[in-house]
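Subject: Structure handover

Hello,

Please find the structure below. My notes on what was found in it follow.

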Amino acid sequence: MVGALNARLTHHGATDVLRAAFVAVPDIALVSSFGAESVVLLHLAAMAKRDVPVIFIDTEMLFAETLVYQQEVAERLRLRNVTIIRADDVARADPDGTLHQRDTDACCALRKTQPLQTALAPYSGWITGRKRYQSGSRATLDFFEVEAGTGRIKVNPLARWARADIVEYMDENRLPRHPLVAQGYPSIGCAPCTSPVAEGEDARAGRWRDQDKDECGIHFVNGKMVRTGAKT
Ligand code: SF4
């Protein structure tokens, strides 16, 4: 199915990919961080299907601005089906909230990966905002792929968009911007693990800065959390 969808839609845009995804995988959810560029995919999906299930992971380590922005975007786009998920084991596993200082992989697994896998259990597919331009490992990203290990269909409607396309779309549709972008954060994750980016740096250089860590662990390979060399 995935190969046929990619072949059929190879010259199509994000809206056609989303519409095809909603037909081919009726029980599909969109996973969003409500970060710097998230509003584009949310807007496209809401236009195609207003009640698309949206999953937002509140790691309880996010910037306050992200929580406010999440509410603003959900209201503005009239998203009717947003689920906010949190880890249910934080009080035991990270009672003082310092796990990220000792073991970022364990912290991401606790606060992001495991809750997301639980939230995705009822779904056969999920929609992501990943794009080819974000890193070398995503350079050949297809619209549709099968997630190794889970068998879920993963849909990447923005795979072929350039950064300029994202900005242009936000401008043309007058979409609200995450307030931290204007403060030097072109990529926004958890507060302890995100720093501003200087001019000329890669947009994702502020994520887990100075650490040998590139993945939050949400994107699986062979069913396991792996580092793929792409900051997500
Ligand atoms: S990004 Fe940092 S704070 Fe957030 S879950 Fe991962 S290690 Fe923890």
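Helix α3 and its neighbours

Helices α3 and α8 pack at an angle of about 60 degrees, and their axes are 9 Å apart. Axes here are lines fitted to C-alpha atoms, for helices over the stretch in contact, with angles running from 0 to 180 degrees between N-to-C directions. Helices (H or I, at least four residues) and strands (E, at least two) are DSSP runs, numbered from the N terminus. The angle makes α3 oblique to α8; angles under 35 degrees count as roughly parallel, over 145 as roughly antiparallel, 65 to 115 as roughly perpendicular and the rest as oblique.

This is a predicted model, in which local features need pLDDT of at least 70 and side-chain atom pairs count only at pLDDT 80 or more, while totals for chains, interfaces and linings use all residues. Residues are numbered from 1 along each chain as its sequence is written, and side-chain values use heavy atoms, with hydrogens and water left out.

The crossing of α3 and α8 is left-handed, a term used if the near helix is turned anticlockwise from the far one by less than a right angle, with right-handed used if clockwise. On the α3 side, Val39, Val40, His43 and Leu44 meet Ile166, Tyr169 and Met170 of α8, where contact means heavy atoms within 4.5 Å. By class, this contact of α3 with α8 has 6 nonpolar residues, 1 polar and no charged. Ala, Val, Leu, Ile, Met, Phe, Trp, Tyr, Cys and Pro count as nonpolar, Asp, Glu, Lys and Arg as charged, and the others, Gly among them, as polar.

The axes of α2 and α3 come within 10 Å and cross at roughly 55 degrees. These two helices, α2 and α3, are therefore oblique to each other, and α2 passes α3 in a right-handed crossing. Ala14, Thr15, Leu18, Arg19 and Phe22 in α2 meet Leu44, Ala45 and Ala48 in α3. The residues of this contact of α2 with α3 divide into 6 nonpolar, 1 polar and 1 charged.

Helix α3 spans residues 38-48 and is mostly covered, with 9 of its 11 residues buried. Buried means under 20% relative accessible area, exposed over 50%, and partly exposed in between (1.4 Å probe, protein chains only). Among the buried residues of α3 are Val40, His43 and Leu44. The buried residues of α3 pack against α2 (14-24), β1 (28-32), β2 (54-57), α4 (64-76), β4 (125-127) and α8 (163-172).

Other points

Arg19, in helix α2, is partly exposed, with a relative accessible area of 48%. Arg19 and Pro157 are 138 residues apart in sequence and 9.9 Å apart in space, C-alpha to C-alpha.

There are 3 aromatic pairs, counted where rings of Phe, Tyr and Trp (its six-membered ring) have centres within 6.5 Å; planes under 30 degrees apart count as stacked, over 60 as edge-to-face and the rest as tilted. The ring centres of Phe34 and Phe56 are 5.3 Å apart and the planes are at 80 degrees, so this pair is edge-to-face. Phe34 lies in the loop between β1 and α3 and Phe56 in strand β2, so the pair ties together parts 22 residues apart in sequence. Both Phe34 and Phe56 are buried.

Most residues other than glycine have a negative phi. Glu60, in the loop between β2 and α4, has a positive phi of about 65 degrees although it is not a glycine. Arg78, in the loop between α4 and β3 (82-85), is not a glycine either and has a positive phi of about 55 degrees. Glu60 counts as partly exposed at 46% relative accessibility, whereas Arg78 is exposed, with a relative accessible area of 53%.

Regards
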